[in-house]
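Student: I would like to go through the labels on this model one by one. Ask me for the value, then the cut-off.

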Amino acid sequence: MAGYENFVRVVLTVMAAYAAIGLIFGLVFISAGLARIDSQAKGAGWGFRLLILPGVAAFWPLLLRRWMNASGDKASDPPIAPNPHTDPARSAGRGAQA
């Protein structure tokens, strides 16, 4: 019985540490790093930044890597997946649907 309790205690401690690091990283990231990796977030208000804080805290390792790989002051937006709505070649020649 004690073995399982120790295992659960270790798992919960690791989860709490991950969440604490994520929260600290999230607060720093939404104030300093967000605009550096996403040009659309430049000038975003604090309401938006607080709204994305839980996701930033959850995915902090991925965002940290992306932030560290960002080049200079220019934001490197994520690639846009091609689809019929954004691909001008697919929609060429199609007039407005009446």
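Student: Why is Trp67 called buried?

Tutor: This is a predicted model, so every value is computed from predicted atoms. Trp67 has a relative accessible area of 12%. Buried means under 20%, so Trp67 qualifies.

Student: What makes Phe29 buried?

Tutor: Its relative accessible area is 1%. That is under 20%, so the label holds. Phe25 is buried too.

Student: How many aromatic pairs does a search of the whole structure find?

Tutor: Five. One of them joins Phe25 and Phe29.

Student: Why is the pair of Phe25 and Phe29 called stacked?

Tutor: The ring centres are 5.4 Å apart, and pairing needs them within 6.5 Å. The planes meet at 20°, under the 30 degrees for stacking, so the pair is stacked. Phe25 and Phe29 lie four residues apart in helix α1, about one helical turn.

Student: What makes Phe29 and Trp67 an edge-to-face pair?

Tutor: The centres are 5.5 Å apart, within 6.5 Å. The planes are at 75°, over 60, so the pair is edge-to-face. It links distant parts of the chain: Phe29 in helix α1 and Trp67 in helix α3, 38 residues apart.

Student: Which residues form one aromatic cluster?

Tutor: Tyr18, Phe25, Phe29, Trp60 and Trp67.

Student: How do you know that the charged end of Arg49 sits over the ring of Trp46?

Tutor: The charged end of Arg49 is 5.7 Å from the ring centre of Trp46.

Terms used. Residues numbered from 1 in each chain as written. Predicted model: local features only at pLDDT ≥ 70, side-chain atom pairs only at ≥ 80, totals over all residues. Heavy atoms only, no water. Phe/Tyr/Trp six-rings, centres within 6.5 Å; stacked < 30°, edge-to-face > 60°. Helix = DSSP H or I, 4+ residues; strand = E, 2+ residues; numbered from the N terminus. Buried < 20%, exposed > 50% of the residue type's maximum accessible area, 1.4 Å probe, protein only. Lys NZ or Arg CZ within 6 Å of the ring centre and 35° of its normal.
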